[in-house]
Each structure stands twice: as structure tokens, then as C-alpha cells.
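I opened this structure to look up its pockets and the surroundings of its ligand. My entries follow in the order I made them.

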Amino acid sequence: MMIRTETSADYDGVYQVNVKAFDDREDEARLVESIRNSEGFIPELSIVAEKDNEIVGHILLSKAVVQDGENTNDVIVLAPIAVMPNVQKQGIGKALILEGLDRCRTLGYDLVFLIGHPEYYPKFGFQPARQHGFELKQFEVSDNVFMVCELKEGALQKVKGELIYPKSFF
Ligand SMILES: CC(C)(COP(=O)(O)OP(=O)(O)OC[C@H]1O[C@@H](n2cnc3c(N)ncnc32)[C@H](O)[C@@H]1OP(=O)(O)O)[C@@H](O)C(=O)NCCC(=O)NCCS
């Protein structure tokens, strides 16, 4: 299995992995296309897992902001992540997340947010975000699924406010 940056030759495979992972729904596959065509897209944060020349997993991390009055902080949001159903629970999702977070850190980002399974993400350092002073108004979600991961020690003490997902998410 190889973890690498997505290229344009992977777009079909990435579409398929998102459709298959999300019960044949196309919403997440279309979300990937929408983000890819937006200002918030960072090419090296669209990462694929390839096995036997097939795309079996994909993660996308992209730009968002945290707004606190006049202050705006650049952050990253993780969405979506998808692994082919026949190869789930083999560590592919984990490898994609660890590589994604590592690349975000290298690019100088301090915080990564997501909305996701509360049982899955804490092992990668994600914690409920509202208890750290973050708000989310664009999506109505419970406290345990809105999560943040601190990539640089102390970042959670410095930044507070409302997470704003860009237009490409809607
Ligand atoms: C969520 C998803 C990306 C995880 O990928 P994966 O390759 O199956 O996950 P991994 O094998 O890397 O799992 C890593 C760990 O999480 C556990 N795990 C996997 N899926 C889990 C889940 N849904 N809930 C809780 N734990 C889970 C694994 O048992 C493993 O534990 P370990 O490290 O202690 O051994 C994949 O299941 C998927 O594509 N699901 C459908 C789409 C989806 O729900 N995406 C996320 C939306 S928030």
C-alpha cells in the first residue's frame, strides 16, 4: 500500500472510493470536486492510498477560518475521508490521517477541525471543540462530533471563536 499526493489521473478513482465508502451516495464525492475547485484547496493535502494500482482510500484536508470578532485565524478542516469497504479496518484510514496531520503541521497549520465519529478520531488527538471555546453555527451537530486537533502545543490556548467552513462545502 502506498500513501501519496493525489494527481489528476486519480480523480476518477477518488470519486469512486468516496461513493463506495459512503453507501453509494455521491455527496462526498461531489464535495471533493467542489473543494478541489476552490481557493481553500491545498494540493498536497489531497492524499490517496493506492494498492495494486487502485485507489483504495482518500483523505482531503483544506482551508477554513476561525473568526473571533475582528480576528481571523487560518485553520484546516478534514473532510471527507473514505476507505473502500472491502479494505476497511486494516489501518488505511489511520495511515491517511497520520500523513494528513503531519503534512498540515509541516505547512505551518496549528489546528485541524472535523465533524465525525466520536469513537474514531480521539486516538489521533482530536477532542471535542466546543469545550475549548470553539463554535460551529453552519451545521447543527452535537458537542461530541465537532472536534479539533492541536498540532502545535499551546495553539488551543491562543485561538477561540467560530469555525467557518468556506462556500465550497455548501
Ligand atoms: C472511517 C474510515 C475512513 C476508517 O478507515 P479504516 O481504514 O477502516 O480505519 P483503520 O483501519 O485505519 O482504523 C484505525 C482504528 O480505528 C478503528 N475504527 C475503524 N473504524 C471505526 C469506526 N467507525 N468507529 C470506531 N473505530 C473505528 C479500527 O478498529 C482501528 O483501531 P486500532 O488502531 O485500535 O486498531 C472508513 O471506515 C470509512 O471509509 N468509512 C465510511 C466513510 C466514513 O464514515 N468516513 C468518515 C466520516 S466521519
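I count a residue as near a molecule if one of its heavy atoms lies within 4 Å of it. The model I am reading is predicted.

Entry on the ligand shell. I listed 18 residues around the ligand, of which Val83, Lys89, Gly91, Gly93 and Lys94 come nearest. By class, the shell holds eight nonpolar, six polar and four charged residues.

I looked up which atoms pair with oxygen atoms of the ligand. A backbone N or O atom of Gly91 is 2.7 Å from a ligand oxygen, and a polar backbone atom of Val83 is 2.8 Å from a ligand oxygen. For Gln88, an N or O atom of the side chain lies 3.3 Å from an oxygen of the ligand. On its own the ligand has 900 Å² of accessible area, and the protein covers 73% of it.

Entry on location. I found the ligand in the largest pocket. Strand 4 and helix 3 are the elements that give two or more residues to the ligand shell.

Entry on the largest pocket. I noted a volume of about 990 Å³. Its lining has 30 residues, with Phe22, Ile81, Ala82, His117 and Tyr121 closest to the centre. Strand 4 contributes the most to this lining, six residues. The lining splits into 18 nonpolar, six polar and six charged residues.

Entry on the second largest pocket. I noted about 200 Å³ of space here. Its lining includes Ser38, Lys63, Tyr165 and Ser168. Strand 3 (residues 54–68) supplies the largest share, three residues.

Conventions:
Residues are numbered from 1 along each chain as its sequence is written. This is a predicted model: local features need pLDDT of at least 70, side-chain atom pairs count only at pLDDT 80 or more; totals for chains, interfaces and linings use all residues. Side-chain values use heavy atoms; hydrogens and water are left out. On a 1 Å grid over the protein atoms alone, a cavity is a set of points where a 1.4 Å probe fits but cannot get out, and a pocket is an open set with protein on both sides within 12 Å along at least five of seven lines; lining residues have an atom within 4 Å of a point. Grid points are joined across faces, edges and corners, and a volume is the space filled by probe spheres set on the points. Helices (H or I, at least four residues) and strands (E, at least two) are DSSP runs, numbered from the N terminus. Ala, Val, Leu, Ile, Met, Phe, Trp, Tyr, Cys and Pro count as nonpolar, Asp, Glu, Lys and Arg as charged, and the others, Gly among them, as polar. A polar contact is a pair of N or O atoms within 3.5 Å; within protein, one must be able to donate a hydrogen and the other to accept it, and residues adjacent in sequence count only if both atoms are side-chain atoms. Accessible areas come from the Shrake-Rupley method with a 1.4 Å probe; for residues, only the protein chains shown count as cover. A molecule sits in a cavity or pocket if more than half of its atoms lie within 2 Å of its grid points.
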